[in-house]
Amino acid sequence: MTENDIKSEYQRISDKIAYDDFLKRIEEMKKDYADVSFMDELDIARMIVGEYIDEKNVPITKDDELRKIKDLETGLQDISIVGRITRISNVKSFTTKKGKEGKVANLLISDDTGEIRAVLWTENIKLLKKINEGDIVKINGVEIKDGYRSEEAHLQNRSTIEKLEDSDSDNFPEYEEKITKIESIKGEMQVNVIARVVRISRIRSYNSNGKEGKFITLDLKDDTGSISLTLWNKDVEIVDELKLKEGDSVKILGAQSRVRNDEVNLTHSWIGRIIKDKFDVPEHKEEIIKIGDAHEMKNVTMLGVVSKVQDPITFERSDGSPGAVKSIVISDDTGSIKITLWNDDTKLEINKGDIIKITGGNIEFDDYAETGYRVNTGWSSKIAINPEEDVGLKKILEEHKKELEPIKIDDLHKIEDEGEEIDIFGRIMELYDANEFQRADGTVGIVRSVKIADDTGTVRASLWDEKAELGLNRGDLVKIENAKTRFRNDTVELSIGKTVRVIKMKEDEAQNLPSIDKLEENMYKPVKIGDLKNIKSEKDETSIIGRVINLYDVNEFQRTNGTMGMVRSVEIADGTGAVRASFWDEKAEMGLNRGDAIWIKNAMPRFRNDSVELSVGRATIVIKPKSEDIEKIPSLEEIEDSIYKTRKIEELEETDKNVKVSGKIIEAYGDRILYEMCPNCNKRVEYVDDAFICDFCGEEIEKPNYLMILPCVIEDDTGTVRTTFFRKLAEELIGMTTEEANEVIAKTADEGSLAEKVEDLIGSDITVIADANFDEYNEEVRLIAKKIAKVEL
């Protein structure tokens, strides 16, 4: 190609466009066709000329020089060739980088001297309608170019194809369209096949040396056997262009056979053709295997409703490339079976309740599967989600879907066994901070607690490892699948690990579930403290609003796993009664003061000495009530007046709580007021063989903690009652801290060295707030002091 060739083409339209503009158009179109290697500047120039000149495809044999195939050389233009068509490819589409669409097809032409590939472009495609394999044709106006394999004859816009009579065939090879039966196909053959399409796989992708590609497989069957045909990359589009579907009969021309994994299969070649028509091949009847009949077998078809879906698991192959695997379980009226999906198939949008058709799976023995078998899918398998065709089982499966609906949270409490897999649907009500922990194997894990609610109740769930890092927010609508039940303090909780699915739903999928505000109003609706006595079970989470009337010291302790914990007792009251609450760990360090109004949401009730107490842990929310709720709570003075009932000593009963007793201290016991306590379990320790031993922990204690206990007898005009003061109250009464008392005793080496100081209390007038209990050993009612209202020494 020379500059003169370009100018020659321009002369045909010189009266329509300036030469500089013509050259500019060529440069612009070169960018459009940059990815089409066989388009050169002259081809593009001719395309531009064609836009201005409406030429008809009329034979120009008179001017074209006829050449034998062996004499064709790259660079020859406007020549003619005559030969027999031995192959016609399917038409393929392409798109330039600028989005311009085109078509291309190939012919193989043979004469008595050789064979050449002829390339037809978009404007030539219509010429294919009048030719077939075996025809003798004359192609006019072609240009010879250097192709991928050898020289190629490229048709131009004005090229024509003439069909010649068979009488002119003396010098051309014979054409024989031999059809090979599938059972006769071996490796490394080029064959023609007539068969029925029994399965069309989905389009799959691959990566070869960093280059992305795609392929699709057709499973073919004739009266002798079956075989698969693979179409690669652009050839994948042939399926859509021919509107191929399962059940169609086809003729495959020029397919190449290969052996892979000891199985023979076919590949659609660059010059091959697929023809869809009504060919004489047996009809195919699909056989669907019932799940209950599963045993080791290959290439089976199964239909079932998805009863379980697990999230994909990623891994690294031996070559360093990434892979993925995912398991689902399908069920029919005869049983259930696990399906293993790989790589791209793990991205399929498969949900519980979908009806799935697996075609081309292999049933394998699996020690870890509940039924002993699994269906393994591969690159040639087909997975249809909610298929439209009625295969007889769909009605049965639709009925089975009804059994897969999530259960209500309130029904969780009816479950008796740990490890059951369940589904729930609800809202995230609370999320707590994630915590790291170390497993026995030394690896670090993460766990995060959440609280989920529906219109029937709430449940606590633990999210483990990658599930703990999900981007969940308060109020999110979620569906939890395959969560496992576990019991904690006789309450059902859920464990959400690797095989559990957490699906964030949209608000239009709420299924009449109330808003988070409405759920919170119902879930955290406070009860009167006086009504806590009606609680029947420690599973009944409860909420209260009241004022702090007493706070006790924070106590540290060591758990059985060696970690340290904290607990603090807080007494809360409203106008109806008072309740003791145990604040654990970080809740124990809350900055509370006497008289503070607090709202405790979802505390766990605990029964102690026939009384209800509350446990305030990580999952419990403690906030300041709204101003309108605070206004409804009596003042601290009003509460104390209402709950601290004045009693004469003779009126005391063993069930009395928060009674106010006034009298004179007539006895005070100071022979021993400090007791050694285990710093781990807070139980008393004994001094044995020069060491402190904790019977509860079973360990020697190097340095015990000390507890101050001060027993007294109080008398009024009706009688006497033994009253015991612990910790801060004992310190307040004696006017000395535990540390100071311990120093005195240590210096004197006499446990009774403070007896005189204690005896100084005798004769003092005192008013105490206390709880009564019954001392079975002495068969009398005694008091445990909770607060010293007044003391006059």
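Predicted model: local features only at pLDDT ≥ 70, side-chain atom pairs only at ≥ 80, totals over all residues.
Q: What makes strands E36 and E43 count as a pair?
A: Two strands pair if DSSP finds at least two bridges between them. Residues are numbered from 1 along each chain as its sequence is written, and side-chain values use heavy atoms, with hydrogens and water left out.

Q: Which strand forms a hairpin with E43, and over how many bridges do the two pair?
A: The partner is E44 (residues 780–792), which pairs with E43 in the antiparallel sense over 11 bridges. Within this pairing, Ile 769 stands opposite Lys 787 of E44. The hairpin has 4 residues between its strands, and Glu 779 in the turn has a positive phi of about 55°.

Q: What makes E43 a mostly covered strand?
A: A residue is buried under 20% relative accessible area, exposed over 50% and partly exposed in between (1.4 Å probe, protein chains only). In E43, 8 of the 11 residues are buried. For the protein of 793 residues, the buried share is 48%.

Q: Why are Cys 678 and Cys 712 called buried?
A: Cys 678 has a relative accessible area of 1% and Cys 712 has 0%. Both values lie under the 20% limit, so both residues count as buried.

Q: How many disulfides does the structure contain?
A: A disulfide is a pair of cysteine sulfur atoms within 2.5 Å. The search of the whole structure returns 0.

Q: How do we know on which side or sides of H8 its buried residues lie?
A: Leu 636, Ile 639, Glu 640 and Ile 643 are the residues concerned. They cover an arc of only 95° around the axis, so they are on the same side of H8; the arc is that of the directions from the helix axis to the C-beta atoms. Glu 637 and Asp 641, on the other side of H8, are exposed. The buried residues pack against several strands, including E29 (542–558), E30 (564–573) and E44.

Q: Which residues does Glu 520 touch, and what makes them contacts?
A: Contact means heavy atoms within 4.5 Å. Leaving aside neighbours within four places in sequence, Glu 520 is in contact with Met 429, Glu 430, Arg 474, Lys 525 and Lys 601. Glu 520 itself lies in helix H6 (residues 516–523).

Q: How does the radius of gyration of the protein stand against that of a compact globule, and what is the rule?
A: The radius is taken over C-alpha atoms, and the globule rule is 2.2 Å times the number of residues to the power 0.38. A compact globule of 793 residues would have a value near 28 Å, but the protein has 45 Å. The C-alpha trace spans about 145 × 70 × 55 Å along its principal axes.
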